[in-house]
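Reader: I've got a new structure on my screen and would like to walk through it with you. Could we take it one question at a time?

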Amino acid sequence: MPPVNPALRREVISIYKELLNLGKDYPQGFDYFRPRLHRAFMANAHLTDEDAIRKGIARADFVRKEIEALYYLKRYRTLRKRYDGA
Amino acid sequence: MSALRILVPVKRVIDYAVKPRVNKAQTGVETNVKHSMNPFDELSVEESVRIREKKSAPGGVEDICVISAGPPKAQDILRTAMAMGADRAIHVETKEGEDLEPLSVAKLLKAAVEQQKSNLVILGKQSIDDDANQTGQMLAGLLGWPQATQASKVTFEKEGDKVTVTREVDGGSETVRAKLPMVITTDLRLNEPRYASLPNIMKAKKKPLEKKQLGDFGITADRRLKIVKVTEPPPRQGGGKVDDVDGLISKLKELGAL
């Protein structure tokens, strides 16, 4: 088995940690979020092709942005309902 | 144009997603729940960081200082603000359960503005726990500075230290222009606050955090108002169903609506 590119490995770990940190505020709780995140990463653990790994990282980054947007919208909508009387 | 020294007051409040419960003694709400930064203050932190990043102020941004008065845990909020991009923080320590009134906070901020030589104060229009919506206005009054409250857009003019602010008012928006120094309070649509990334959270741990006491600003925590009683709003009365039009009419007659 060829050695994994260490730079990519670091990137994967850092995006994983970033997502874990985001998950602490997940509406259904961290206990819901964490196993699912782990599963999603483990499902791609066998990847060795660099391009495929890069694609996976890009997807993880997309998910990160989506979760951030979700948090923002949830808060924005709650506050709007409370303060704008809408 | 002078460089901006922005002061951003923040408050640690019960998280917006938590439903506050009145305590047994009816003197306040249970505080043993999740806390976070007041959402309107997040908007003001984000706005000051954006002014720096987008270089929208002609004189540049020299300093972004966040300040919070509260119990020791308020430091977490200050760290979050620094992770979002503020340069440094001041924590004014108060005892657990010792709340400051808007007027005391405004006096405290006035002293802080003078100490820090700030020329722009961006603060949330209100906190989601007291909902007083007073601090910004009082601060502007005490300082004798122009104020633009409920801002939904902030733009800087090329010359003359002038700032144009679009405000949210009933049924529309209002555009005002004022000269620095000034006070701006933020409204919900000003921007979308960022989520602090892990590396920035780590970096924020090394940023300077100054600890001060109320006395350093010549303030005491005296209260002018006394909380007599705190109660929950009455539960909503459920509606009833009627079978047909006749049922509806008789029901309405019964209630005296017809």
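**Salt bridges, surface and overall build**

Reader: Is B:E46 buried or exposed, and what is its relative accessible area?
Author: Buried means under 20% relative accessible area, exposed means over 50%, and partly exposed is in between (1.4 Å probe, protein chains only). B:E46 falls in the buried class because its relative accessible area is 2%.

Reader: What pLDDT do side-chain atom pairs need in order to count?
Author: Residues are numbered from 1 along each chain as written, chains are lettered from A and ligands numbered from 1 in the order written, and side-chain values use heavy atoms, leaving out hydrogens and water. This is a predicted model, where totals for chains, interfaces and linings use all residues, local features need pLDDT of at least 70, and side-chain atom pairs count only at pLDDT 80 or more.

Reader: Which side chain meets B:R50 in a salt bridge?
Author: Side chains of opposite charge can pair when their charged atoms come close. Here a salt bridge is a side-chain nitrogen of Lys or Arg within 4 Å of a carboxyl oxygen of Asp or Glu. With N to O at 2.6 Å, the partner of B:R50 is B:E46.

Reader: How many residues apart in sequence are B:R88 and B:D63?
Author: The two side chains form a salt bridge, 2.9 Å from N to O. B:R88 is in strand β5 (residues 88–93) of chain B and B:D63 in strand β4 (residues 61–70), so this pair ties together parts whose separation in sequence is 25 residues. Strands (E, at least two residues) and helices (H or I, at least four) are DSSP runs numbered from the N terminus.

Reader: Where in chain B is B:T166 found?
Author: B:T166 is buried, at 18% relative accessible area. Beyond neighbours within four places in sequence, its contacts (heavy atoms within 4.5 Å) include B:Q150, B:K153 and B:E174. As for its place in chain B, B:T166 is in strand β8.

Reader: What area does the nonpolar surface patch with B:L252 have?
Author: Nonpolar patches join Val, Leu, Ile, Met, Phe, Trp or Tyr side chains within 5 Å, like charges being joined within 9 Å; members have over 30% relative accessible area and no salt bridge. B:L252, in helix α6 (residues 245–254) of chain B, counts as partly exposed because its relative accessibility is 31%. B:V242, B:V245, B:L248, B:I249 and B:L258 complete the patch with B:L252, at about 500 Å².

Reader: What share of the residues of chain B count as buried?
Author: Chain B has 6 helices and 11 strands, and its C-alpha atoms fill a box of roughly 75 × 40 × 40 Å along the principal axes. Of its 258 residues, the buried share is 46%.

Technical notes:
Areas by Shrake-Rupley, 256 points an atom, 1.4 Å probe, with all protein chains shown as cover.
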